[in-house]
Amino acid sequence: MGSEGSKACLNVYLTNKTRLGRRRGMSKSFLMGNEAIGLGAVRAGVKVVSGYPGTPSTEVLETVAKYNPGDIYVEWSVNEKAGMEVAAAAAYTGARTMVTMKQVGLNVASDPLMSLAYVGVKGGMVVVVADDPGPISSQTEQDTRRFGQFSKLPVFDPSSPEEAYEMIKDAFEYSEKYHTPVLFRPTTRLCHGCASVELKERVKLPAPEGFVKDSGKWVIFPRLSHANHRMIEARNPIIGEDFSSYRFNLLHREEGNTVKGIITHGISYGFVMEALNGYRGARVLKVSTPNPMPERLLLEFAEGLDQVMAVEELDPVLEQELLLLSGRHH
């Protein structure tokens, strides 16, 4: 959906009889995907949001600014690198932080992100990178799932605005559980699509501890980098196993003894289910966490299949991972 569709979607939302700021408890509202992500971060207890405007990501930060309860620091940074560093500094204090950009902006922010992957964080830190297959408003069609593999960071890949609203909270929790920044990768058709989203009460979190000086933790010299690299390599298979039971990685069982399967992700999942139109003769797996890959779940999906179709936008990430997995397990 282009900018005109986004404006129409937003206009419908803004004409609702009740405004978000007046609501209490659970309610439903018609939201653009980016609004769902921004409001999901507010609900999750985010304390610092920085970013640099770039379609299709822009409305995420704008939404946080618009519905800021008053205790969230929000800034448009001078560029994506500065935004990444602002969010990282706050995450060192134990606060939940988010930085927003588009896929091209991740190139600008890649220097601090690569070091941050080794240093880690104390508070949950989510890096929202909106990809633009098409492209509709970008110079490139980079696939951030590949950047997740490159940086060895967990990646969350939502398939709908409703799912994105819930998943952003999960992303903060996984970030804190494994003390690492995580990538959150919506795409244009999700960012600017609209859906009815159930809004929930804001999570109550303890006050951040604050920054604790520790040169053995926060100063990334080569000796520490070497040790942390080993830690990351040992940690990521554990995260992959954790992701195998993650609630948004969905395995749809087929009827009968079919030997055909479809593996998909993101907005492509919606296209697949629409095309199947209730047909149950194929096994379908939606992968919402493409890095680290949920290996146990992929093996469960592939068991007994003779043919698998990979339906994905941009790079053949799922296809290649499934090929590697098939070879590894003969």
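The paragraphs that follow go from the sheet to its helices and then to individual residues in loops.

In this predicted model, six strands form an open sheet with parallel pairing, and their order is β3-β2-β4-β5-β7-β6. The edges of this sheet are β3 (73-76) and β6 (155-156), each of which pairs on one side only. Within the sheet, β2 (residues 48-51) and β4 (residues 97-102) run parallel and are joined by four bridges, and Gly51 has Thr100 of β4 as its bridge partner.

Two helices can be followed across these strands. Helix α3 (residues 58-66) lies across β2, β3 and β4, with its direction at about 140° to β3, while helix α4 (residues 80-92) lies across β2, β3, β4 and β5 (125-130) and runs at about 165° to β4. The buried residues of α3 include Thr58, Val60, Leu61 and Val64, and what covers the buried residues of this helix includes β1 (27-32) and α2 (33-43) as well as β2, β3 and β4.

The loops hold the remaining details. A cis peptide bond, with omega about -25°, joins Gly134 to Pro135, and Pro135 is found in the loop between β5 and α6 (144-151). Asn291 and Pro292 are likewise joined by a cis peptide bond, with omega about -10°, and Pro292 has its place in the loop between β11 (283-286) and α12 (295-302).

Positive phi values also occur in residues other than glycine: Lys152 has phi near 65°, and Asn277 has phi near 50°.

Conventions. Residues numbered from 1 in each chain as written. Predicted model: local features only at pLDDT ≥ 70, side-chain atom pairs only at ≥ 80, totals over all residues. Heavy atoms only, no water. Pairing = 2+ DSSP bridges. Contact = heavy atoms within 4.5 Å. Axes fitted to C-alpha atoms, helices over the stretch in contact; angles between N-to-C directions. Buried < 20%, exposed > 50% of the residue type's maximum accessible area, 1.4 Å probe, protein only.
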